[in-house]
Amino acid sequence: MKLASLKGGRDGRLVVVSNDLKRYVAPAGIATLQAALDDWEAAEPALREVHARLENEPTFGEHFFEENCASPLPRAYQWADGSAYINHVELVRKARGAEVPASFYTDPLMYQGGSDSFLAPREAIPLADEAWGCDCEGEIAVITDDVPMGVSSADALGHIKLVLLCNDVSLRNLIPNELAKGFGFFQSKPSSAFSPAAVTPDALGDAWRKGRLHRSLRVDLNGEAFGRAEAGEDATFSLADLVAHAARTRPLAAGTVIGSGTVSNRGAGGGPGKPVEQGGRGYSCIAEIRMIETIADGVPKTPFLRRGDRVTIEMLDDAGASIFGRIDQVVA
């Protein structure tokens with residue numbers, strides 16, 4: 001089942017979307033996705049009934065346009081982003097001559113981001129100053145129902161109700177000074193954007209296994225292939241592990257969004273990955289190629305995003321059809 005939120009009001013208008021992302025129906029009595037999550041046990045059967053009609057009746061519903069979508073949750077009670085792909089962390093630390101602490105391989109990194117104003121999937125990325133070092137980050141994210149404190153990873157898997165894609169925008173040049181204060185990210189992490197559709201795990205079929213999504217994340221920059229990382233590979237932690245980590249000392253409210261961190265693959269032989277044009281899988285953020293350039297040549301060469309640059313993030317099924325719809329943003 002696929003769900004989306006059309007623009008309108010602060011929390012959007014919930015719609016059920018056909019698997020081919022061509023038609024939608026607004027369910028009766030459930031105004032927003034947050035309302036559905038608040039009472040998922042009751043809401044899910046009603047939503048699935050609407051979805052079944054969309055799939056079985058070709059003339060049922062209205063035309064769906066991704067341009068009319070807000071992020072599935074235009075705002076959320078919580079947005080926490082982890083770092084499932086330790087390869088990304090290894091590269092960042094290696095570029096500055098630092099070792100990765102052993103605990104990073106058993107205890108996930110996570111920060112609490114701003115969730116009060118997510119960008120729509122086709123909304124421009126606002127950038128006041130190019131010197132801030134604007135970067136995209138292609139990620140997998142999940143939305144939970146109510147998660148009890150102390151939940152195990154195995155049980156956390158059942159609390160993942162929806163899967164979606166994310167562009168976790170970062171202002172790289174603001175990060176060092178913020179982290180040096182010892183209090184974490186704030187100004188360096190502006191509003192993120194999410195894919196038009198959020199998808200129930202069962203609709204992903206065999207691609208969703210043990211809290212990992214085994215498909216290629218397609219990141220394009222200015223119309224050129226930039227990243228084709230396999231999201232199911234090189235993930236030290238699953239999304240369920242990250243949910244359990246977030247809930248270790250407190251419960252999570254329904255509508256909590258948890259991100260995977262930048263999807264990142266190792267190269268052949270375990271070394272740094274290569275760009276797509278060199279036969280590699282590329283990168284899901286600009287910082288990663290800059291780190292590889294720094295390791296190889298001492299200085300980064302690839303610039304961060306500038307005004308007018310365009311980033312797209314998407315994932316396709318075996319037939320080449322979009323699963324979640326496309327994040328498509330221009331820096332403004």
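These legends describe close-up views of a predicted model. Local features need pLDDT of at least 70, side-chain atom pairs count only at pLDDT 80 or more, and totals for chains, interfaces and linings use all residues. Residues are numbered from 1 along each chain as its sequence is written, and side-chain values use heavy atoms, with hydrogens and water left out.

**View 1. W79 and F118 form an aromatic pair.** Rings of Phe, Tyr and Trp (its six-membered ring) pair if their centres lie within 6.5 Å; planes under 30 degrees apart are stacked, over 60 edge-to-face, the rest tilted. The count is 6 aromatic pairs. W79 lies in strand β6 (residues 78-82) and F118 in the loop between β7 (110-113) and β8 (134-135), so the pair ties together parts 39 residues apart in sequence. Strands are DSSP runs of E, at least two residues, numbered from the N terminus. Both W79 and F118 are buried (under 20% relative accessible area, 1.4 Å probe, protein chains only). Ring pairs link W79, F118 and F194 into a cluster.

**View 2. Charges sit over the rings of F60 and F185.** The rule asks for NZ of Lys or CZ of Arg within 6 Å of the ring centre and within 35 degrees of the ring normal. R53 lies over the face of F60, 3.8 Å from the ring centre. K189 places its charged end over F185, 5.2 Å from the centre of that ring.

**View 3. Four strands make an open sheet, ordered β17-β16-β19-β20.** Pairing is antiparallel; two strands pair if DSSP finds at least two bridges between them. β17 (224-230) and β20 (327-330) are the edge strands, each pairing on one side only. Strand β16 (residues 216-221) joins β17 through 6 bridges. L217 has A229 in β17 as its bridge partner.

Note on methods. Buried < 20%, exposed > 50% of the residue type's maximum accessible area, 1.4 Å probe, protein only.
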